[in-house]
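Welcome, and thanks for bringing your viewer along. Could you walk me through this structure, one selection at a time?

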Amino acid sequence: MSSSYLPAITDSLARALEAKTPYEAISILYRVLQNPSSAPDAVRIKEQAITNLSDLLRQETRAEELKSLLAQLRPFFALIPKAKTAKIVRGIIDDVAKIPGTSDLQISLCKEVVQWTRAEKRTFLRQRVEAKLAGLLIENKEYLEALNLLSGLIKEVRRLDDKLLLVDIDLLESKLHFSLRNLPKAKASLTAARTAANAIYVPPAQQGNIDLQSGILHAEEKDYKTAYSYFFEAFEAFNALEDPRAVFSLKYMLLCKIMVSQADDVAGIISSKAGLQYVGPELDAMKAVADAHAKRSLKLFEIALRDFKAQLEEDPIVTGTFLPSTTLYWSRISAD
């Protein structure tokens, strides 16, 4: 990679776009960022170069390089407004998250950013990165650290009355307490999230998140009809956004159908226009369980558990919420 910088002009960005290989394009964009100019036009070009470079590094699955990029950009952040800095930082963190198998790296990156934001007194950005970090810790089953982080963060955000962030944090707290099998606290946090959400406009993805968590908690209480309606709302929101969580919402919808002895509806839902978009192992697992249920066959159910272990026994929502009741059903069948 050449050490000589390129002029921060649109022609340099065009040159990167016309590059024959991703490696060449990445090299050109790095050289644009090395330009020492702090003129307004140069700064604007560099902002676009950062976005393009981040996209390329994500496509090339160079997660470590994305982390290094964020550290290298800190002097540049002194030249641009805090809001633009927050957008760039969160964008790079999101790009790392799109690379598979980077959960530990994401946690490390978020912790580094939190330390930097504390030193720079960038409260707005710090709070959002801490919320992201808490979500990662929950996914990584580091519950105690996530609980300590959320406890302090939620008090701080309530004082500031930042309702949109409060929705995020209350929802995270609900997921955390659910993971710890503390259903009353999980429900209380979800109620708090809904209350905050009712006072503001909530983006469709976040509303889908709320509906998904509502469905999970109702399923935990064996209120499968209400759970189904929430999973359906979540599916519609995620499907419209082409969000990968749509398939899980659909999966839990189908499980609710099975739990209320409407397994015959499963095949119809899967073969519908919306269902056909998500044909794959998750829905195949539901079809196998529904078939076992319809035929009242314990053997078929055990085969489904074996063939779709990742989709059934390794899904914490399925194992924690649905499978205990399903297992009880099959124990009664075998007793008959």
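Is the crossing of H3 and H4 left-handed or right-handed? Keep that in mind as we go; this is a predicted model.

**Stop one: the annotated span.** Select residues 14-128. An unreviewed UniProt entry places the feature "domain: 26S proteasome regulatory subunit Rpn6 N-terminal" there. Color the span by secondary structure: 78% of it is helix and 0% is strand.

**Stop two: H3 and H4.** Now select residues 40-59, which form helix H3, together with residues 63-72, which form helix H4. Their axes come within 8 Å and cross at roughly 155 degrees. Angles over 145 degrees count as roughly antiparallel, so H3 is roughly antiparallel to H4. As for the opening question, the crossing of H3 and H4 is left-handed. Show side chains next: Leu 53, Ser 54, Leu 57 and Arg 58 on the H3 side meet Glu 65, Leu 66 and Leu 69 of H4. Sorted by class, this contact has four nonpolar residues, one polar and two charged.

**Stop three: H1 and H2.** Move to helix H1, residues 10-17, and helix H2, residues 22-33. The axes of this pair come within 8 Å, with a crossing angle of roughly 160 degrees. That angle makes H1 roughly antiparallel to H2, and their crossing is left-handed. Select Ser 12, Leu 13, Arg 15 and Ala 16 in H1 to see them meet Ala 25, Ile 28, Leu 29, Arg 31 and Val 32 in H2. Here the contact comprises six nonpolar, one polar and two charged residues.

Conventions:
Residues are numbered from 1 along each chain as its sequence is written. This is a predicted model: local features need pLDDT of at least 70, side-chain atom pairs count only at pLDDT 80 or more; totals for chains, interfaces and linings use all residues. Side-chain values use heavy atoms; hydrogens and water are left out. UniProt positions are given in the numbering used here, feature names are shortened, and annotations may be inferred rather than shown by experiment. Helices (H or I, at least four residues) and strands (E, at least two) are DSSP runs, numbered from the N terminus. Axes are lines fitted to C-alpha atoms, for helices over the stretch in contact, and angles run from 0 to 180 degrees between N-to-C directions. Angles under 35 degrees count as roughly parallel, over 145 as roughly antiparallel, 65 to 115 as roughly perpendicular and the rest as oblique. A crossing is left-handed if the near helix is turned anticlockwise from the far one by less than a right angle, and right-handed if clockwise. Contact means heavy atoms within 4.5 Å. Ala, Val, Leu, Ile, Met, Phe, Trp, Tyr, Cys and Pro count as nonpolar, Asp, Glu, Lys and Arg as charged, and the others, Gly among them, as polar.
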